[in-house]
Amino acid sequence: MTTLREKVDERAVGERLDELGQLRSLSALNEKVVLLRLAGRLDEAFIIANEAVRQARFSGDREMALGARVRRAQVQQYQGKYAAALQELGLCVEEAQNHEWGALEATATLSRGKVHFEMADYESALVDFKAAVFLMERQGASIDQLESSLVAVAVTESFIGA
């Protein structure tokens, strides 16, 4: 493996985006961000990610706002804006730790590891991937939920050993 990016069914992504249409609820916006990112429609994804962050902040739910910020940083990663993505994800990890939001901390840590991986900083990536596995296990994640993180650990270890 040379990438940790998800493989997607482009047709299914397009169909789901059509279903979501012009919906503007926060959950619809969040789903659109993910789908647009996976479809490679990064400029659209970033615009909607910013809208989702704004809407989540207006709602007053800091945990939801943090999740929207993580998704926006993932778009930045796909855009190749690694420094911005690392900075945002670092802040997200710290905020999740401060509020003891374990699932969000794990997600942000895993995402930060993927940015490090794409930057070929395999040692930092491995630290984040192992931390994400630990956090997920502490949250009671199933083996299916842990699988992508465990694969990331194995792939990164193979890059370090090569």
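Which residue meets Glu 6 in a salt bridge? The partner is Arg 37, with N and O 3.5 Å apart. A salt bridge is taken here as a side-chain nitrogen of Lys or Arg within 4 Å of a carboxyl oxygen of Asp or Glu. The pair links distant parts of the chain. Glu 6 belongs to the segment before α1 (10–20), and Arg 37 to helix α2 (residues 26–38), 31 residues apart.

The model is predicted: local features need pLDDT of at least 70, side-chain atom pairs count only at pLDDT 80 or more, and totals for chains, interfaces and linings use all residues. Residues are numbered from 1 along each chain as its sequence is written, and side-chain values use heavy atoms, with hydrogens and water left out. Helices (H or I, at least four residues) are DSSP runs numbered from the N terminus.

The two ends of the first pair can be set against the accessibility classes. Buried means under 20% relative accessible area, exposed means over 50%, and partly exposed lies in between (1.4 Å probe, protein chains only). Glu 6 is partly exposed, at 38%. Arg 37 is buried, at 6%. Arg 37 also lies over the face of Tyr 78, 4.8 Å from the ring centre. The charged end of Arg 5 sits over the ring of Tyr 78 as well, 3.8 Å from its centre. For such a contact, NZ of Lys or CZ of Arg must be within 6 Å of the ring centre and within 35 degrees of the ring normal.

The salt-bridge count comes to 13. Side chains of opposite charge can pair when their charged atoms come close. Arg 16 bridges to Glu 19, with the closest N and O atoms 2.8 Å apart. Both residues lie in helix α1, 3 residues apart, about one turn of the helix. An α-helix has 3.6 residues a turn, so residues three or four places apart point the same way. Arg 16 is partly exposed, with a relative accessible area of 30%. Glu 19 counts as exposed, at 55%.

Another bridge joins Arg 24 to Glu 51, the closest N and O atoms being 3.3 Å apart. Arg 24 lies in the loop between α1 and α2, and Glu 51 in helix α3 (residues 42–59), so the pair ties together parts that are 27 residues apart in sequence. Arg 24 is partly exposed, with a relative accessible area of 40%. Salt bridges that share partners also form one network, made of Arg 62, Arg 69, Arg 72, Glu 88 and Glu 95.

Helix α1 also holds Glu 15. Glu 15 counts as partly exposed, at 40% relative accessibility. Glu 15 and Val 34 are 19 residues apart in sequence, and their C-alpha atoms are 14 Å apart in space.

Helix α8 (residues 143–161) has 19 residues. From first C-alpha to last, α8 reaches 25 Å, close to the expected 27 Å. The expected span is 1.5 Å times one less than the number of residues. The helix bends by about 30 degrees at Ser 149. The bend is the angle between axes fitted to the seven residues ending at a position and the seven starting there. Ser 149 is also one of the buried residues of α8. The buried residues of α8 pack against α6 (102–118) and α7 (122–138), with contact meaning heavy atoms within 4.5 Å.

The structure holds 3 aromatic pairs. Rings of Phe, Tyr and Trp (its six-membered ring) pair if their centres lie within 6.5 Å; planes under 30 degrees apart count as stacked, over 60 as edge-to-face and the rest as tilted. The rings of Phe 117 and Phe 159 have centres 5.2 Å apart and planes at 75 degrees, so the pair is edge-to-face. Phe 117 lies in helix α6 and Phe 159 in helix α8, 42 residues apart. Phe 117 counts as buried, at 4% relative accessibility, and Phe 159 as partly exposed, at 25%. The rings of Tyr 122 and Phe 159 have centres 4.9 Å apart and planes at 40 degrees, so the pair is tilted. Tyr 122 lies in helix α7 and Phe 159 in helix α8, so this pair ties together parts that are 37 residues apart in sequence. Tyr 122 counts as buried, at 19%. Ring pairs link Phe 117, Tyr 122 and Phe 159 into a cluster.

Terms used. Helices (H or I, at least four residues) and strands (E, at least two) are DSSP runs, numbered from the N terminus.
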